[in-house]
Amino acid sequence: MNHFKITNCIASLMKDYNYPWAIAGGWAIDLYIGNITRDHEDIEIVIFRDDQKKLQDYLVGWNFKKVSYGEIEPWQLGERLELPIHETYAEESDNKLEVLLNESEGNDWVFRRDNRIRKPKSEIILQSLNGVRYLCPEIVLLYKSKNPRYKDQEDFKNINKLIETERKEWLINSLKTLYVEHPWIEARSR
């Protein structure tokens, strides 16, 4: 799948990182679908917050930044980031990787915006046919649901009829927990 060259490069970069990680965002949606459905401006990965030092140790020689209250600041080696900080960057020459820190508790992934929403860690990372790890689409869409931009609406539309029933129901129940009303709840059967 040559059109996923960028995701293969990330998979190659992360191949010896022995902790959970996955491609997130629109690329994860396209990996689930199996082809590119729209242009992508960037690529991001997710790791668990508890593994942040392990990632810094793994990407030796890279520079790290964090987004703190809307400002991009240096992220010092060994500095432990806590909520609300969840967006970080790793940079090396022309390479830039956005790394999103995800919450966990025991064996569960926990949604940072509402800790009532959970999913077993064992269910959140999927793998493409060529071995690229990606975040399950229902979690990707949950993050995109807050203030969906045009590209987020496109991702939902592109996957709505393809996503497995169990995944769709988890998303709908999570949306109901967060918003009570949301356009994607009504679109679930379309």
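Which elements each supply at least two residues of the lining of the second largest pocket? Helix H1 (5–14) and strand E6 do. The model is predicted.

**Second largest pocket**
- Its volume is about 160 Å³.
- H1 gives the most to the lining of the second largest pocket, namely four residues.
- Among the residues that line the second largest pocket are Ile6, Cys9, Ile10 and Leu13. Ile43, Trp62, Asp94, Asn95, Lys96 and Leu97 also line this pocket.
- By class, this lining holds seven nonpolar residues, one polar and two charged.

**Largest pocket**
- The largest pocket holds about 670 Å³ of space.
- Its lining has 26 residues. Leu100, Arg113, Tyr143, Lys144 and Arg149 lie nearest the centre of the largest pocket.
- Three helices, H2 (25–33), H4 (137–144) and H5 (150–159), each supply at least two residues of this lining.
- The lining of the largest pocket divides into 13 charged, seven nonpolar and six polar residues.

**Helices H2 and H4**
- Two packed helices are described by the angle between their axes and the distance between the axes.
- For H2 and H4, the angle is about 145° and the axes are 9 Å apart.
- H2 crosses H4 in a left-handed sense.
- On the H2 side, Gly25, Gly26, Ala28, Ile29 and Tyr32 make the contact. They meet Pro137, Val140, Leu141 and Lys144 in H4.
- This contact of H2 with H4 has six nonpolar, two polar and one charged residues.

Note on methods
Residues numbered from 1 in each chain as written. Predicted model: local features only at pLDDT ≥ 70, side-chain atom pairs only at ≥ 80, totals over all residues. Heavy atoms only, no water. 1 Å grid on protein atoms, 1.4 Å probe; cavity = no way out; pocket = protein on both sides within 12 Å on 5 of 7 lines; lining within 4 Å. Points joined across faces, edges and corners; volume = space filled by probe spheres on them. Nonpolar A, V, L, I, M, F, W, Y, C, P; charged D, E, K, R; others polar. Axes fitted to C-alpha atoms, helices over the stretch in contact; angles between N-to-C directions. Left-handed = near helix turned anticlockwise from the far one by under 90°. Contact = heavy atoms within 4.5 Å.
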